[in-house]
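Visitor: Could you take me on a close look at a single part of this model? I would enjoy one connected account, with the cut-offs spelled out.

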Amino acid sequence: MPNNLFRPLGHKELLILTKLLGEKLNKLPYKFNLLEEVWADENAHSRILVNLLRDKTTLHSFISFLKRRYDRRFDFDEESVVSPQITSERYRIDGLICEHNKYAIIIENKIHGAKEQSEQLSRYIKKCIRLGYSLLKIYIIYITRTQYEHASEQTWGNFKGRFSKRYVDISYKEDIIDWLDEYYQEIPRKEEDLASGIYQYKAYLIQLTNNYKYKKMDPNIKNLITSSCNLKIKMEKNSFAL
């Protein structure tokens, strides 16, 4: 690639860009997010998700979303959800959704890339079996920050081959944010607390994962940059925003 393909912005152009950015920032509402201030660790994210899912409508929405997006990997009958018990950090499991003698859904949260313990998923599966759940009725949702992170082979012990349709690995960046965005549109306006919590959590996750597909570059800034660089840049509809 030629070294002169991109020309640095000149002094005049930088002044114009700074002015445009200042005008846009001044028009933004005051940004305040409680989660950003306290910095939620992995346990906190697990508790947030579990508490959201304790609402039965929210739980059905989450499962429905997973089945639509990963229909061949998460073969769970959402109609079997009647009176679920949902716990966080019980039995050392980040999240557990279960109904006695019916099903158990294990949620493992790795949003901050916590190191896997030896045969971690294997131990959770065995624990559910000891609690009385059939192996064929145990499901696993493994959540990472991005889609490029996955469970290791060792964490499964000898179980991986038996979970082909009862295991799904999803991410906050590519899946959880999409689900929260979709579900937020469906929440009745009377559910102010739920709607407010989901809105703030989604906003926090977008920043945490640098998920810029929800933003668009201002046309004035885009024109300044492309014209000053003398390049014809084809911008995608949902490109990175300044």
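Guide: Let's start at a turn: β1 and β2 form a hairpin with two residues between them, and Tyr 91 in that turn has a positive phi of about 60°. Strands and helices here are DSSP runs (E, at least two residues, for strands; H or I, at least four, for helices), numbered from the N terminus. This is a predicted model, in which local features need pLDDT of at least 70 and side-chain atom pairs count only at pLDDT 80 or more, while totals for chains, interfaces and linings use all residues. Residues are numbered from 1 along each chain as its sequence is written, and side-chain values use heavy atoms, leaving out hydrogens and water.

Strand β1 (residues 85–90) pairs with β2 in the antiparallel sense over five bridges; pairing requires at least two DSSP bridges between the strands. Gln 85, for instance, has Cys 98 of β2 as its bridge partner.

On to the next hairpin, where three residues lie between β2 and β3 and Asn 101 takes a positive phi near 65°. β2 and β3 (residues 103–110) are also antiparallel, over five bridges, and Ile 97 has Ile 105 in β3 as its bridge partner.

Now for β2 itself: seven of the seven residues in this strand (residues 93–99) are buried, so β2 is largely enclosed by the rest of the structure. Buried means under 20% relative accessible area, with a 1.4 Å probe and protein chains only. Among the contacts of Leu 53, not counting residues up to four places away in sequence, are Ile 86, Ile 97 and Ile 107; contact means heavy atoms within 4.5 Å.

Methods: Buried < 20%, exposed > 50% of the residue type's maximum accessible area, 1.4 Å probe, protein only.
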